[in-house]
Amino acid sequence: MAIFELSHITNVFGISGLLQVVSLLSLLLLLFTAAQYYLHRQWLIKSFQQFPSPPSHWLFGNTLKDQDLQQILLWVEKFPNTCVKWFWGNHAHLVIYDPDYMKVILGRSDPKVTRSYSFYAPWIGYGLLLLNGKKWLQHRQMLTPAFHYDILKHYVGIMVDSVHVMLDKWEQLEGQDFPLEIHQDISLMTMETIMKCAFSYQGSAQLEDYRNSRSYIKAVEDLTHLIYLRMRNGFHQSNTIYSLSSNGRSFHSACQIAHKHTEKVICMRKAQLQNEEELEKIRKKRRLDFLDILLFAQTEDGKSLSDEDLRAEVDTFMFEGHDTTASGISWIFYALATHPEHQQRCREEVQRILGDGTSVTWDHLDQMPYTTMCIKEALRLYPPVPAVGKELSTPVTFPDGRSLPKGSLVTLSFYGLHHNPRLWPNPEVFDPSRFAPDAPRHTHAFLPFSAGARQPLDGRRLPFWSEVAWLQMLYRWFERLKGSPSHSVNAEHQDEKLYRETVRHE
């Protein structure tokens with residue numbers, strides 16, 4: 001009898017029995033996952049039932065690969081206000097491109113879409129972009145003084161110098177018969193300016209430190225593209241699976257390059273602050289630079305910011321500060337380069353201001369209304385922040401009576417808003433008169449940098465920075481190349497980078 005029982009136990013817990021147990025558990029897990037999938041999909045269908053939805057597949061959704069822009073434009077034409085976008089079977093967002101709907105959502109304090117934004121965390125940590133709640137408010141209040149207009153006035157001269165370095169490089173190419181790809185050079189220019197203005201950097205990202213700066217910019221391009229791909233891959237939502245994939249390994253390598261760059265900047269500034277003369281300069285400043293605010297900041301319990309919090313804010317601003325600005329300026333240049341009649345009017349306006357060859361100053365920026373209109377129209381066509389994702393913390397009811405429950409995901413499509421023909425007749429046409437002083441428009445019809453409490457701090461900087469760069473560009477570079485067919489500003493290929501690969505978030 002004892003021998004029989006022993007044999008029975010061996011059979012049960014032998015290889016065959018173990019496989020049976022594993023198979024049973026796998027089947028139960030599969031059934032549980034399928035049930036979760038089904039129930040969540042039913043909840044989504046019920047949540048979005050009041051809103052129009054393009055045809056979608058129960059598993060693959062209705063997102064067209066590599067056709068985000070065209071798809072948004074089709075939906076804006078076909079569905080007024082909003083529609084439902086299914087990324088895959090149980091993951092959907094309500095896409096909003098109506099100003100009244102925008103106003104409602106931006107007037108709330110809903111957090112970002114946790115799943116999507118968490119993909120940025122290994123790269124930029126939990127700084128202002130990813131923080132929520134009390135800690136976000138503390139950091140926001142702490143850093144806001146770094147973007148005061150008094151600070152921006154002081155930065156004009158630094159910006160002009162960086163633009164001149166870029167234009168000097170371009171002028172060396174005069175006479176060569178090939179298109180000029182401007183985005184890389186503008187990225188170097190904006191990063192150099194950011195580092196000098198916000199991080200007290202003494203070198204030049206465009207000259208002696210070109211190689212390191214270029215590797216950082218390339219890492220940013222890779223990271224934003226990889227995050228875009230991950231957001232649209234159902235299998236890569238798992239951190240474990242993603243870390244084992246080739247894209248996951250590439251993401252990790254690019255993160256290391258980006259972190260090495262920002263750590264170098266932090267260490268250099270800390271070393272400078274060991275000098276008593278430098279400390280004395282800091283004490284005399286009315287307002288501190290971005291990095292100095294972080295280094296001298298104290299938490300509620302009197303402690304300095306942790307190294308983790310410090311690097312997160314530096315990583316966040318280094319990325320958002322230079323890359324979003326570079327994209328915006330590149331597209332402004334492209335829009336004016338492809339519309340020579342408006343470019344000529346801007347040039348004439350600039351010549352009246354800088355006729356004697358003086359450099360741009362703060363006071364000049366209020367003296368060029370037509371150039372400002374052109375810049376705004378370019379930002380309408382190519383918003384630097386094309387979309388923002390939100391996760392509703394409470395139910396919401398829109399002005400037309402339709403509603404969404406708590407936990408619903410919404411995408412605020414500023415690209416769709418700016419190309420909505422109900423707001424902007426002939427939206428694909430470049431028409432600066434839309435922004436004439438007497439032109440009427442909805443308060444939330446033009447949102448190139450988002451809006452509301454969580455609008456990016458650097459959003460107020462780009463229009464004025466663009467004006468500085470464009471003034472110098474018109475005065476020096478476009479004038480010299482006027483009528484020269486061998487040179488063109490080739491920024492058109494950046495379309496997919498800015499709106500497909502580099503989806504900006506607030």
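**Exercise 1. A salt bridge across the chain**

Which residue forms a salt bridge with Lys 135, and how far apart are the closest N and O atoms? Then place both partners in the predicted model.

*Solution.* 
Step 1. Find the partner. Lys 135 pairs with Asp 309 in a salt bridge, and their closest N and O atoms are 3.1 Å apart. The cut-off for a salt bridge is 4 Å, so the pair qualifies.
Step 2. Place the residues. Lys 135 sits in helix α7, while Asp 309 sits in helix α15 (residues 307-337). The two are 174 residues apart, so this pair links distant parts of the chain.
Step 3. Check the accessibility. Lys 135 has a relative accessible area of 34% and is therefore partly exposed. Asp 309 has 12% relative accessibility, so Asp 309 counts as buried.
Step 4. Side chains of opposite charge can pair when their charged atoms come close.

**Exercise 2. A salt-bridge network**

Which residues are linked with Arg 269 and Glu 278 in a network of salt bridges?

*Solution.* 
Step 1. Start from one pair. Glu 278 forms a salt bridge with Arg 269, with the closest N and O atoms 2.9 Å apart. Both residues are buried.
Step 2. Lys 281 and Asp 292 are linked with Arg 269 and Glu 278.

**Exercise 3. The largest pocket**

Describe the lining of the largest pocket. What elements supply at least two residues each, and which gives the most?

*Solution.* 
Step 1. Give the volume. The largest pocket holds about 900 Å³ of space.
Step 2. Count the lining. There are 26 lining residues, and Leu 59, Trp 88, Asn 233, Gly 234 and Phe 235 lie nearest the centre.
Step 3. Name the elements. At least two residues each come from α2 (15-47), β1 (82-88) and α10 (210-231). Helix α2 gives the most, with five.
Step 4. Sort by type. The lining has eleven nonpolar, ten polar and five charged residues.

**Exercise 4. A nonpolar surface patch**

Is Val 21 buried, partly exposed or exposed? Find the patch to which Val 21 belongs.

*Solution.* 
Step 1. Locate Val 21. This residue is found in helix α2.
Step 2. Classify. Val 21 has 44% relative accessibility, so Val 21 counts as partly exposed.

**Exercise 5. Positive phi angles**

Where are Asn 81 and Asn 426 found, and what are their phi values?

*Solution.* 
Step 1. Take Asn 81. This residue lies in the loop between α3 (68-78) and β1. Its phi is positive, about 75 degrees, although Asn 81 is not a glycine.
Step 2. Take Asn 426. This residue lies in the loop between α18 (414-418) and α19 (461-480). Phi of Asn 426 is also a positive value, near 50 degrees.
Step 3. Asn 426 has 57% relative accessibility and so counts as exposed.

Key: Residues are numbered from 1 along each chain as its sequence is written. This is a predicted model: local features need pLDDT of at least 70, side-chain atom pairs count only at pLDDT 80 or more; totals for chains, interfaces and linings use all residues. Side-chain values use heavy atoms; hydrogens and water are left out. On a 1 Å grid over the protein atoms alone, a cavity is a set of points where a 1.4 Å probe fits but cannot get out, and a pocket is an open set with protein on both sides within 12 Å along at least five of seven lines; lining residues have an atom within 4 Å of a point. Grid points are joined across faces, edges and corners, and a volume is the space filled by probe spheres set on the points. Helices (H or I, at least four residues) and strands (E, at least two) are DSSP runs, numbered from the N terminus. Ala, Val, Leu, Ile, Met, Phe, Trp, Tyr, Cys and Pro count as nonpolar, Asp, Glu, Lys and Arg as charged, and the others, Gly among them, as polar. Patches are made of residues with over 30% relative accessible area and no salt bridge: like charges are joined within 9 Å, nonpolar side chains (Val, Leu, Ile, Met, Phe, Trp, Tyr) within 5 Å. Accessible areas come from the Shrake-Rupley method with a 1.4 Å probe; for residues, only the protein chains shown count as cover. A salt bridge is a side-chain nitrogen of Lys or Arg within 4 Å of a carboxyl oxygen of Asp or Glu. Buried means under 20% relative accessible area, exposed over 50%, partly exposed in between (1.4 Å probe, protein chains only).
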